[in-house]
Each structure stands twice: as C-alpha cells, then as structure tokens.
Amino acid sequence: QVQLVESGGGLVQPGGSLRLSCAVSGSIFAINAMGWYRQAPGKERDLVAVITSGGNTNYADSVKGRFTISRDNAKNTAYLQMNSLKPEDTAVYYCNALLYLSKYSSATRYWGQGTLVTVSS
C-alpha cells in the first residue's frame with residue numbers, strides 16, 4: 001500500500017523556521033513531481049511549492065524567497081524548508097506526489113494526511 005507520510009509540523013513563533021518532510025512508502029516504480037499544498041481554515045487548498053523529478057521548482061508568490069522545496073530521490077522524500085514564517089502561513093500542509101506504480105501504468109496522484117503548521121506568538 002502506497003502512503004505519503006508527512007512530518008515536521010508544529011507551533012512556531014513569527015520569524016521562525018520549520019522543515020516539513022514527506023516520505024513515499026510502499027511499492028512504486030517511479031516518482032514524477034512532488035509538491036506541497038496548504039489549506040487554512042475556511043479557505044481552499046492552494047499550491048505552495050512543487051519540484052519535478054529533474055529538480056525544477058515553482059513557488060506560490062506568497063512564499064517565494066522564504067520557502068525552499070527539495071527532494072532526495074534515493075529516499076523517495078521531499079522537504080519543505082520554511083523560513084521567516086508569518087501568521088498567515090498557518091495552515092494544514094499536505095504533501096502531494098505523482099507516482100508510477102509500475103513501468104506501464106499512468107501517473108497517479110497521492111496525498112499525505114496533512115500536518116498542521118501554526119505560526120503564533
């Protein structure tokens with residue numbers, strides 16, 4: 001059974017930093033893009049950052065210069081380094097990955113369970 005397991009959320013003061021991790025477990029053939037989304041209370045789920053299998057990245061304007069997405073292909077893991085955190089970054093952060101379960105399958109999107117990030121003094 002394929003799972004995306006997230007970790008690293010928590011409570012941090014404004015200006016602080018957190019690092020989120022997302023590990024893909026289970027039997028897979030390959031991982032295409034991986035990304036992080038977030039959903040604040042009463043709002044839609046929005047893209048925060050995405051990284052392709054080749055390492056190309058894209059960020060939401062609101063986090064450019066503060067967040068960095070990276071991945072370790074050997075560990076099937078993606079990371080989101082979040083610096084200079086603001087109260088408006090408070091949300092549940094979800095990991096997302098496009099996975100190939102076999103050589104001949106099409107890419108399937110999987111989601112993690114979400115991890116809460118709270119930025120407050």
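**Entry 1**

I began with W111, which is partly exposed at a relative accessible area of 36%. For this I used a 1.4 Å probe on protein chains only: buried means under 20% relative accessible area, exposed means over 50%, and partly exposed lies in between. A note for anyone joining me here: this is a predicted model, where local features need pLDDT of at least 70, side-chain atom pairs count only at pLDDT 80 or more, and totals for chains, interfaces and linings use all residues. I count residues from 1 along each chain as its sequence is written, and side-chain values use heavy atoms, with hydrogens and water left out.

Next I looked for aromatic pairs and found 1 in the structure. The ring centres of Y37 and W111 are 5.0 Å apart with planes at 65 degrees, so I wrote the pair down as edge-to-face. My cut-offs: rings of Phe, Tyr and Trp (its six-membered ring) pair if their centres lie within 6.5 Å, and planes under 30 degrees apart are stacked, over 60 edge-to-face, the rest tilted. Y37 belongs to strand β4 (residues 30-39) and W111 to strand β10 (residues 108-111), so the pair ties together parts 74 residues apart in sequence. Strands (E, at least two residues) are DSSP runs, numbered from the N terminus.

**Entry 2: arginines over rings**

I then checked for charges over rings (NZ of Lys or CZ of Arg within 6 Å of the ring centre and within 35 degrees of the ring normal). R19 sits over the face of Y79, 4.0 Å from the ring centre. R45 does likewise over Y94, at 3.6 Å from the ring centre.

**Entry 3: salt bridges**

How many salt bridges does the whole structure hold? My search gave 3, taking a side-chain nitrogen of Lys or Arg within 4 Å of a carboxyl oxygen of Asp or Glu.

D89 bridges to R38, with the closest N and O atoms 2.9 Å apart. This pair links distant parts of the chain, 51 residues apart: D89 is in the loop between β8 (77-82) and β9 (91-100), R38 in strand β4.

D89 also bridges to R66, the closest N and O atoms being 2.8 Å apart. R66 lies in the loop between β6 (57-59) and β7 (67-72), 23 residues from D89. Are these two residues buried or exposed? D89 counts as buried at 0% relative accessibility, and R66 is buried at 10%. Shared partners join R38, R66 and D89 into one network.

Lastly, D61 pairs with K64 in a salt bridge, its closest N and O atoms 3.1 Å apart. D61 is exposed, at 66% relative accessibility.

Terms used
Helix = DSSP H or I, 4+ residues; strand = E, 2+ residues; numbered from the N terminus.
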